[in-house]
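Please look over the sequence and the model before reading on.

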Amino acid sequence: MLGGIAMMRMNNNNQGAGRGRRPFGGCAPGCCQTIAAVVLFFIALGFFSACATFSSEAAADPRAGKVKSYNVVVSKWTGGSEAAYATKWIGSDAKTLPRISALTSARGVVNATAFTVLTTGDAAVGKLSDTETDYTRYEKGVMLSAQLPNFHQPGMETDEEFQISLGDQSITVPGFVCELDVLKRRKRKYYYARRKFVTGVQLVDKVNDPGTFTGVKGLYDESCALTYSEAKPIGEYLENIGRARQDCAFRRPSSAMSVSVTLRSPEDPYVNAGRIAGCNRDFGFTVDELTTLGLTTGIVGIFPSLACFAFFYAASRVRAQHALFIAGGGAVQMQMQPQHQTHMHMHMQHPGGGGQQYSAGGQQYPQQGGVPMGPTYGNPFAAQAPQYGQPAAYGQPASYGQPASSYGQFGQPVMGQPVTGQQQQAPNPYGLPQPRAQVQYQQAQQPPPYAPYMPPAR
């Protein structure tokens with residue numbers, strides 16, 4: 001009975017597949033391979049796009065133009081601009097060093113230390129972050145440096161803006177900046193406030209002329225002219241940006257901090273490096289580096305592209321096999337039926353010796369020479385097949401070599417008695433219609449010799 005139910009389910013599955021229903025969890029055949037191929041396609045596209053970008057930049061060589069502009073500035077600086085600006089602040093004809101102070105709302109006027117002139121060292125020259133050797137170096141610089149000591153106090157709030165006075169000139173400088181940032185941890189967002197206190201102000205002289213000092217240009221570029229010190233976050237708040245904004249109102253530092261103020265020439269190479277290459281003062285990749293990056297990304301992109309083609313090919317094969325499965329559903333069903341007979345043979349008992357019997361499905365069948373004489377292999381209904389020319393008995397299978405039994409009490413067959421036409425047509429005492437014969441069979445075939453089961457070829 002269980003074997004019959006399994007066969008019915010297999011038949012229903014084949015019929016469903018023949019109607020176009022999607023097997024295997026509702027996913028279309030080859031969809032998984034297609035999705036993987038699409039993902040790999042975009043990965044390969046990213047690598048090839050990067051390869052094209054690096055190759056085009058290597059051909060254009062943007063670094064060469066920046067380095068050339070910087071080398072011109074260095075040549076002019078070492079050719080006389082450095083010496084002229086040094087005489088402006090050093091020597092008998094030097095100008096009086098300007099006084100500098102800061103005006104705050106909490107502390108009032110904060111006087112700075114006197115300017116000192118630096119001409120050597122990394123601070124005076126200005127060290128670039130670029131480590132390549134294709135741009136010109138120089139050894140001397142001129143820089144004026146002063147300090148606003150303990151400008152930021154732990155017990156006092158720093159002004160968002162304050163005024164720096166240099167002689168008769170006044171410059172507005174940001175004193176405190178707050179930015180909101182977010183951290184992602186396990187798909188959850190934590191907001192916090194990045195509180196920054198200004199610790200450095202770089203001023204640029206209006207002219208390099210040694211004879212005059214007319215003030216400074218102000219903050220020629222706030223991103224490059226200002227240096228900040230970031231304080232430790234007060235707290236991190238889960239999905240609460242409002243609490244992070246409240247922390248921005250807290251403008252008291254955790255420790256005292258001074259503010260350095262510097263003054264440089266407008267022709268100083270360090271100042272111009274920020275204008276040419278940006279605040280990081282790096283001229284970018286060299287041609288060799290861009291070429292190497294282009295080749296590397298191109299070679300790496302080959303692997304996901306090959307995998308992409310392989311998955312597309314696999315998807316096409318799966319779809320083709322599914323189409324053949326639908327087109328040949330009946331043949332596939334017939335090939336799957338011996339699996340039911342395998343289940344039957346696994347439950348059969350095969351004692352050796354001729355003249356003995358074995359049981360299958362509750363019925364006894366004889367053996368001849370160890371070969372079972374039971375139902376025909378491959379036909380689940382062969383156990384119910386009568387001899388040729390005899391009608392099918394209702395309720396019990398007819399034994400081989402025995403005549404069909406007639407209906408006895410309540411329409412049940414009696415072994416050894418012939419069946420008449422009237423008895424075949426008489427209804428049962430329950431008033432139910434006589435069941436129709438489901439399958440008509442021809443002469444029963446001699447069962448083949450018993451052999452181990454071999455699974456059907458796919």
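## The end of helix H2

Just after H2, aspartate 61 has a positive phi of about 55°. The model is a predicted one.

## Helix H2

Helix H2 runs over residues 31-60, 30 residues in total. From its first C-alpha to its last it reaches 43 Å, close to the 44 Å expected at 1.5 Å a residue.

The buried residues of H2 are Cys31, Ala37, Leu40, Ala44, Cys51, Phe54 and Ala58. Helix H8 (287-327) is included in what covers them. Cysteine 51 has a relative accessible area of 19%, whereas cysteine 32 is exposed at 53%. The sulfur of cysteine 32 is 4.1 Å from the closest cysteine sulfur, that of cysteine 31, which is too far for a bond.

## Two disulfides

The whole structure holds two disulfides. In one of them, the sulfur atoms of cysteine 178 and cysteine 248 are 2.0 Å apart. Cysteine 178 belongs to strand S7 (residues 176-185) and cysteine 248 to helix H6 (residues 241-248), so the pair ties together parts 70 residues apart in sequence. The link is left-handed, with -65° about the S-S bond. Cysteine 178 is partly exposed at 25% relative accessibility, while cysteine 248 is buried at 18%.

Cysteine 224 and cysteine 279 also form a disulfide, with 1.9 Å between their sulfur atoms. Cysteine 224 is in helix H5 (residues 222-225) and cysteine 279 in the loop between helix H7 (269-277) and H8, 55 residues apart. This link is left-handed, at -95° about the S-S bond. Cysteine 224 is buried, with a relative accessible area of 11%; cysteine 279 counts as partly exposed at 33%.

Definitions and conventions. Residues numbered from 1 in each chain as written. Predicted model: local features only at pLDDT ≥ 70, side-chain atom pairs only at ≥ 80, totals over all residues. Heavy atoms only, no water. Helix = DSSP H or I, 4+ residues; strand = E, 2+ residues; numbered from the N terminus. Expected span 1.5 Å × (residues − 1). Buried < 20%, exposed > 50% of the residue type's maximum accessible area, 1.4 Å probe, protein only. Contact = heavy atoms within 4.5 Å. Disulfide = S-S within 2.5 Å.
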